[in-house]
Amino acid sequence: MNVIILGAPGVGKGTQAQLLVDREKFVQLSTGDILRSEQANGTELGLAAKLYMERGELVPDTVILNMVALRMETGKSYLFDGFPRTIAQAEGFETILSGRGMKIDRVISLEVPFDEIVKRLSSRRVALKSGRVYNLMSNPPKVEGICDVSGEPLIHRADDQPEAIQVRLQEYEKKTAPLKQYYERKIGVSIVDANGEVEAVYRRVKATLA
């Protein structure tokens, strides 16, 4: 089963995706995590993408599609977290999947009011190497400022600063929100209320996969 998780920045896509990977044996493909890993390793792709991400802008579709295609293998169950983000990406992704004899089985849309998103993102901390995402309000690390898994320091990303958050939400409304309508026409979309405790949201997400 291949699943796409949609939702504005800060709704909890990364947290729910990690739970599904840990408990349901999905292989997670998060373009955000991949790009940040490239940045941490100082690659050419990472440095180029950094300029877009720090301004809260989307990395060009062709770069994202090629990057995802290189990491996909047949015979695995993938969870696409934060991808695709535009109609153009969705159409290009459909071509990639078709060429590999694959398809998307479920599309889940996590939804939270925008004012709550601003609070969440301002409290978010990330471990670059492990890719783990924490929230000081709802999902804090066991030791303040330290990743539970890797022991590395947690950072407050530049694109989680208030000014960048506003830009990201504007970008989402303009380019990414129409994806829900796109997939509604294609295979249907499961709407999940992402407010509340992490485990409660997880139960709602898992119910859509039955």
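The structure is a predicted model, in which local features need pLDDT of at least 70 and side-chain atom pairs count only at pLDDT 80 or more, while totals for chains, interfaces and linings use all residues. Residues are numbered from 1 along each chain as its sequence is written, and side-chain values use heavy atoms, with hydrogens and water left out. Helices (H or I, at least four residues) and strands (E, at least two) are DSSP runs, numbered from the N terminus.

**Helices α5 and α8**

- Helix α5 (residues 87-99) packs with helix α8 (residues 178-186) at an angle of about 35°, and their axes are 9 Å apart. Axes are lines fitted to C-alpha atoms, for helices over the stretch in contact, and angles run from 0 to 180 degrees between N-to-C directions.
- From α5, Ile87, Ala90, Glu91, Phe93 and Glu94 meet Pro178, Leu179, Tyr182, Tyr183 and Lys186 of α8; contact means heavy atoms within 4.5 Å.

- Thr31 lies in helix α2 (residues 31-40).
- Thr31 counts as buried because its relative accessibility is 5%; buried means under 20% relative accessible area, exposed over 50%, partly exposed in between (1.4 Å probe, protein chains only).
- Thr31 and Asp81 are 50 residues apart in sequence, with 7.4 Å between their C-alpha atoms.
- Leaving aside neighbours within four places in sequence, Thr31 has contacts that include Ile64, Met67, Val68 and Asp81.
- In helix α4 (residues 61-71), the buried residues are Ile64, Leu65, Met67, Val68 and Ala69. The buried residues of α4 pack against β2 (27-30), α2, α3 (44-54), β3 (78-81) and α5.

**Asn135**

- Asn135 sits in strand β6 (residues 133-135), and counts as buried because its relative accessibility is 9%.
- Not counting residues up to four places away in sequence, Asn135 touches Arg120, Ser123, Arg124 and Pro140.

**Second largest pocket**

- The second largest pocket holds about 240 Å³ of space. On a 1 Å grid over the protein atoms alone, a pocket is an open set of points where a 1.4 Å probe fits, with protein on both sides within 12 Å along at least five of seven lines; lining residues have an atom within 4 Å of a point. Grid points are joined across faces, edges and corners, and a volume is the space filled by probe spheres set on the points.
- Of the 14 lining residues, Arg36, Gln39, Lys50, Glu54 and Arg157 are the closest to the centre of the second largest pocket.
- The largest share of this lining, five residues, comes from α3.
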